[in-house]
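Subject: Structure handover and notes

Dear colleague,

Please find below the structure that I am passing on to you, followed by my notes on what was found in it.

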Amino acid sequence: MQSKDFHTKYRPSTLDEVLGHEAAVTRLQGQIKTGNLRSAYLITGPSSVGKTTLARCLAAQINGKPADQQMSDYKEIDAGSQRSIEDMRELIRLSKFKPSGKKRIFVVDEAQALLSNAAAATALLKPLEEAGKTDTIWIIGSMDPAKFTTGTGKAIANRCDQFALEPPSIETMVAFAKRIVVGEKMSYLKSTALLTTIAEASNQEMRNVANIIQSLRDYYEGLKKKPDKLDADALTTVLQSSEAKDDRLVAPVVIGALTGQYKKVHRALMDVADPFLFLKKVGWAASFLVGRQVVDRHPKLWWSPTNRAIIDGLKGQEISLGQYAAFNEVIVNCQQQAANFSVGACEILSARIFRMIKDSNSKDR
């Protein structure tokens, strides 16, 4: 029987198991304790920050069993692919049925994409307003809180109890790493210094912490001669071995964009396998470059193989903080546009970088 991936095996299933998000967890536990649950919630925060995990933990706490065992009482949809008026009408129809447990819980994730369909988004307003009349709780999740400050997005937000989640701290990620190490009896990974390095290389994502530790476990088990402890060199080896082709394409895109080599950018983009995830990785690199210009060392400055390749490729280039910040702005705008799924992520990235290079060349004349 195949064992679970660590990020699934150690994913919190109750509010008591959640690491970080202390204020949000305390508020939710207070609502459960007093019986003062809201009928609609809006949970916002960066991708992979734990929005869906928090929703599942709340559902488990309310109905007394894991969300994946609640059958029709718990349902998740991804508004990135399910945002038609028919999708919303079906949810609204189901929300009127009596749950088998205490509550029926519907999670609409990536809800920023839902707002691109005005009819579908508007259809949710009345159910959210009147949710207290049924036994259904609506949980809206989004990585783009700005979309909920105007128009229909604001109307949705005003009907919800709101939670804004922040990325986990290094201390929180180290605590999660220790939970896995203890659970798996990995005595060769008990060094707090090494676990801190793992956390720093995880881009503030718990899933990445779990994946790196699982890769280190696999590496250790494959060694013919097993040391008492793994060190930072072993971590570097594992990180390099797990780098995907798309990771290697980030460097030429970033270097080409910042040095005015559009052909280099477009050539790399033609080989990208997962455009939306690739755009996210370019965003990490852009943020890293801006951060390095501001401070020498910070927990958010993760030194991945990709970032090292970018730094090496930019050696000798005179690039200002303003240029790095402008590139970061371009990528943020690309991510916002790509979230609507109206145009492919790589097509957006190619067009915006071309415009950036063209504008830069015009200023140099």
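A residue is called buried here if its relative accessible area is under 20%, exposed if that area is over 50%, and partly exposed in between, with a 1.4 Å probe and protein chains only. On that basis, buried residues make up 46% of the 365 residues in the protein.

Please keep in mind that this is a predicted model, in which local features need a pLDDT of at least 70 and side-chain atom pairs count only at pLDDT 80 or more, whereas totals for chains, interfaces and linings use all residues. Residues are numbered from 1 along each chain as its sequence is written, and side-chain values use heavy atoms, with hydrogens and water left out.

Overall picture

The secondary structure comes to 18 helices and 5 strands, where helices (H or I, at least four residues) and strands (E, at least two) are DSSP runs numbered from the N terminus. The radius of gyration of the protein is 22 Å, close to the 21 Å that the globule rule gives for 365 residues, so the protein is as compact as a globular protein of that length; the radius is taken over C-alpha atoms, and the rule is 2.2 Å times the number of residues to the power 0.38. Taken along the principal axes, the box filled by the C-alpha atoms is roughly 65 × 60 × 35 Å. If contact is understood as heavy atoms within 4.5 Å, residues 24 or more positions apart account for 74% of the contacts with a separation of 6 or more.

The strands

Two strands are said to pair if DSSP finds at least two bridges between them. Strand β3 (residues 104-109) runs parallel to β2 (residues 74-78), to which 5 bridges join it, and lysine 75 stands opposite phenylalanine 106 in β3. Strand β4 (residues 136-142) is likewise parallel to β3 and joined to it by 5 bridges, with isoleucine 137 in β4 as the bridge partner of isoleucine 105. In β3, 6 of the 6 residues are buried, so the strand is largely enclosed by the rest of the structure; Arg104, Phe106 and Val108 point one way from it, and Ile105, Val107 and Asp109 the other way.

Strand β1 (40-44) pairs in the parallel sense with β4 over 5 bridges, and alanine 40 has tryptophan 138 as its bridge partner in β4. With β5 (residues 161-164), β1 pairs in the parallel sense over 4 bridges, and here threonine 44 is partnered by alanine 164.

From β2 to β3

Together with helix α4 (residues 85-94), β2 and β3 make a right-handed β-α-β unit, right-handed meaning that, with the strands pointing away from the viewer, the path from the first strand over the helix to the second runs clockwise. In the loop between α4 and β3 lies serine 95, which is buried with a relative accessible area of 6%. A polar atom of its side chain lies 2.6 Å from the backbone oxygen of isoleucine 92, a polar contact being a pair of N or O atoms within 3.5 Å, of which, within protein, one must be able to donate a hydrogen and the other to accept it, while residues adjacent in sequence count only if both atoms are side-chain atoms. Leaving aside neighbours within four places in sequence, serine 95 is in contact with Arg104, Phe106, Thr134, Thr136 and Trp138.

The buried residues of helix α12 (residues 232-241) are Ala234, Leu235, Val238 and Leu239. Seen down the helix axis, they fall within an arc of 135 degrees, so they line one face of α12; the arc is that of the directions from the axis to the C-beta atoms. Their cover includes α10 (192-200), α11 (206-222) and α16 (305-313), whereas the face turned away from the buried side carries the exposed residues Asp233 and Ser241. At the start of α12, a side-chain oxygen of aspartate 231 reaches to within 3.2 Å of the backbone nitrogen of aspartate 233.

Serine 202, in the loop between α10 and α11, counts as buried at 0% relative accessibility. Glycine 35, in the loop between α2 (22-34) and β1, is exposed, with a relative accessible area of 63%.

Best regards
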